[in-house]
Amino acid sequence: VDRLDLEGVSVSDITRDELFGRLRAVLDQRTQLCLGFCNANMLLQALCTPSYAAALRSFVLVSDGLGIDLCSLLFRGRSFRQNLNGTDLVPAFLVAETQPRTLFLLGARPGIAEAAARNLALVYPQHRIVGVRHGYFAPEETGAVLAEINAASPDILLVALGNPAQETFIAEHAPRIDARLLMGVGALLDYTAG
Ligand code: UDP
């Protein structure tokens with residue numbers, strides 16, 4: 001099989017090019033896809049927390065890092081074809097995308113998403129940042145956050161709330177979020193902010 005299956009969590013063994021093709025098709029056809037970068041820590045959390053494992057079932061998961069590669073070697077006798085971590089892959093995808101896309105950045109400490117947006121605008125002038133929102137909101141503010149995202153209707157929603165919060169947020173709200181590609185990106189906004 002071209003994936004690692006553990007306790008209902010399924011991590012695809014696909015190449016970067018295959019993944020990019022799939023993401024591009026989602027954006028072009030205006031369907032929806034939730035993408036997660038699954039490292040060993042995430043997999044362990046999923047194995048220990050059935051509700052997190054259930055949330056991850058609505059995701060396409062790709063393999064991020066050595067730990068999950070070893071896991072693959074152990075459980076299915078081979079390692080993943082490529083390591084697809086979000087910190088490398090998201091910027092690479094945005095570079096490769098010549099078609100203009102709109103992005104909403106959700107997460108990180110106040111001020112970080114704004115700084116990340118300024119840098120993204122310089123590095124990827126073909127794309128447009130249509131909204132930013134920091135990731136420290138109370139549960140009762142979630143409705144307002146979702147309304148902000150939906151008002152912007154981005155092609156791509158980057159969610160940087162850490163694990164497991166980002167995947168839980170995406171899984172819970174994706175059906176009501178007006179965005180095509182929803183990705184849990186960990187510390188990417190911090191890196192991009194510089
Ligand atoms: N983060 C957030 N809200 C929270 C907790 C974390 O926006 O309630 C952000 C944090 O500022 C950072 C990102 O989530 O930008 C990833 O956090 P961390 O590195 O702690 O999580 P990890 O990806 O290592 O699980």
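User: Which residues are buried in α6?
Analyst: This is a predicted model, and in its helix α6 the buried residues are I112, A113, A116, A117 and L120.

User: How do they sit around the helix axis of α6?
Analyst: Looking down the axis of α6, the buried residues fall within an arc of 135°, so they line one face of the helix. An α-helix has 3.6 residues a turn, so residues three or four places apart point the same way.

User: What covers the buried residues of α6?
Analyst: The cover includes two strands, β5 (102–107) and β6 (128–133). Helix α9 (188–193) is also part of it.

User: And how many residues does α6 have, and what does it span?
Analyst: Helix α6 runs over residues 112–123, which is 12 residues. From first C-alpha to last, α6 reaches 16 Å, close to the 16 Å expected at 1.5 Å a residue.

User: Switching to α8. Which residues are buried there?
Analyst: Helix α8 covers residues 165–173, and its buried residues are Q166, E167, F169, I170 and A171.

User: What do those residues of α8 pack against?
Analyst: They pack against strands β3 (33–38), β5, β7 (156–160) and β8 (181–184), plus helix α3 (50–56).

User: Where is P164, and what kind of peptide bond joins N163 and P164?
Analyst: P164 lies in the loop between β7 and α8. The bond joining N163 and P164 is cis, with omega about 0°. Most residues other than glycine have a negative phi, and most peptide bonds are trans.

User: Is A108 buried or exposed?
Analyst: A108 has 29 other C-beta atoms within 10 Å, so A108 is buried. The cut-off for buried is 20 or more.

User: What about R30: where is it, and is it buried or exposed?
Analyst: R30 is in the loop between α1 and β3. R30 has 8 other C-beta atoms within 10 Å, so it is exposed. Its phi is near 55°, positive in a residue other than glycine.

User: Ligand next. Which residues come nearest?
Analyst: There are 14 residues around the ligand, and G107, A108, G135, G162 and G186 come nearest.

User: How does the shell around the ligand divide: nonpolar, polar, charged?
Analyst: Seven nonpolar, five polar and two charged.

User: Where is D13, and what does it touch?
Analyst: D13 is in the loop between β2 (9–12) and α1 (16–29). Not counting residues up to four places away in sequence, D13 touches D2, R3, L4, F80 and R81. D13 and L84 are 71 residues apart in sequence, yet 9.7 Å apart in space, C-alpha to C-alpha.

User: Why does D13 count as partly exposed?
Analyst: Because D13 has 19 C-beta neighbours inside 10 Å.

User: Last one, the whole protein. What is the radius of gyration?
Analyst: The protein has 16 Å, which agrees with the value near 16 Å for a compact globule of 194 residues. The C-alpha trace spans about 45 × 40 × 35 Å along its principal axes. The secondary structure comes to nine helices and eight strands.

User: What share of the residues is buried?
Analyst: Buried residues make up 37% of the 194. Among contacts with a separation of 6 or more, 73% join residues 24 or more positions apart.

Methods: Residues are numbered from 1 along each chain as its sequence is written. This is a predicted model: local features need pLDDT of at least 70, side-chain atom pairs count only at pLDDT 80 or more; totals for chains, interfaces and linings use all residues. Helices (H or I, at least four residues) and strands (E, at least two) are DSSP runs, numbered from the N terminus. The expected span of a helix is 1.5 Å times one less than its number of residues. A residue is buried if 20 or more other C-beta atoms lie within 10 Å of its own, exposed if 12 or fewer, and partly exposed in between; C-beta atoms are placed from the backbone. The arc is that of the directions from the helix axis to the C-beta atoms. Two residues are in contact if their C-beta atoms, placed from the backbone, lie within 7 Å. A residue is near a molecule or strand if its C-beta atom, placed from the backbone, lies within 6 Å of it. Ala, Val, Leu, Ile, Met, Phe, Trp, Tyr, Cys and Pro count as nonpolar, Asp, Glu, Lys and Arg as charged, and the others, Gly among them, as polar. The radius of gyration is taken over C-alpha atoms; the globule rule is 2.2 Å times the number of residues to the power 0.38.
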